[in-house]
Amino acid sequence: MGERRAARSSAPKDGDRRIGRRALLIGGAAAAAGTAVFARDELGHLWWRVPGVEKPRKEGEVDFTGARWVSASEANWRRADRPDDYGIDMVVIHVTQGSFDSAVKVFQDPEHGAASHYIVRKDGHITQMIRELDVAFHAGNRQYNERSVGIEHAGFVERASSFTDEMYEASARLTARICARYDIPVDREHIIGHVEVPGTDHTDPGPHWDWDRYMRLVRQARTATARADGEESV
Ligand SMILES: [Zn+2]
């Protein structure tokens, strides 16, 4: 864990903010100022500020087929237009420290101040409460919130029985789908626990979460997704 933490902390931080500021400073000269990729990023940020150009949304729409939609309180997330305004390159794994129903309830509570995109139940049922387009307040770290999708698992970190076969399998399919959608590598640099977010005092998903098993399932599901989508390679 120590090594992984060190590697991540050396990665550039606050990239989105920097690009945003840069775009503001150089304005219309953006295209002349750097590489094509950079210019496209800057244009993306500027376009996002123009009203009416964000992606269309439909009430009740989910990003993962089969998930049930229950909206979180608007106080627990921030409207965005990802991945155009903020790139998504991470999935953060959480454990609720409570029942599935209590997690749904607190995410609907504006006083709670936090919520994840998804909650996975013991039987494999998945509820989505925040669109992947939007920034959920789940990691306790602004940059990590902006770049990630948060998945809660109903249960308790100290209770091994919280984590069932159905839960691992459903969550792995969800994570594989997210990785496919945003071209996120299936590895432990990009699929992390809340405990690994810099500055956090949270310990989830805890010692009973079987990372080897989970990553194996995500890789399998990712390969199956790629085949179904007719990708050349994974
Ligand atoms: Zn957490």
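Analyst: The expected span of a helix is 1.5 Å times one less than its number of residues. The structure discussed here is a predicted model, and its protein chain has eight helices and eight strands.

User: What makes the span of helix α7 close to the one expected?

Analyst: Helix α7 covers residues 165-182, which is 18 residues. From its first C-alpha to its last it reaches 26 Å, and 26 Å is also the expected value at 1.5 Å a residue.

User: Which residues of α7 are buried, and what covers them?

Analyst: The buried residues include M167, Y168, L174, I178 and C179. Among the elements that cover the buried residues of α7 are the strands β3 (90-95) and β7 (148-153), together with helix α8 (211-229).

User: What follows just after α7?

Analyst: D183 comes there, with a positive phi of about 60 degrees.

User: Why is G140 called partly exposed?

Analyst: G140 has 16 other C-beta atoms within 10 Å. A residue is buried at 20 or more and exposed at 12 or fewer; the count of 16 lies in between, so G140 is partly exposed.

User: Where is G140 found, and which residues does it touch beyond four places away in sequence?

Analyst: G140 sits in the loop between β6 (135-136) and α6 (142-147). Leaving out residues up to four places away, G140 touches V197, T200 and H202. The C-alpha atoms of G140 and A114 are separated by 8.3 Å, although these residues are 26 apart along the chain.

User: How much of the protein chain counts as buried?

Analyst: Of its 234 residues, 36% count as buried.

Technical notes:
Residues are numbered from 1 along each chain as its sequence is written. This is a predicted model: local features need pLDDT of at least 70, side-chain atom pairs count only at pLDDT 80 or more; totals for chains, interfaces and linings use all residues. Helices (H or I, at least four residues) and strands (E, at least two) are DSSP runs, numbered from the N terminus. Two residues are in contact if their C-beta atoms, placed from the backbone, lie within 7 Å.
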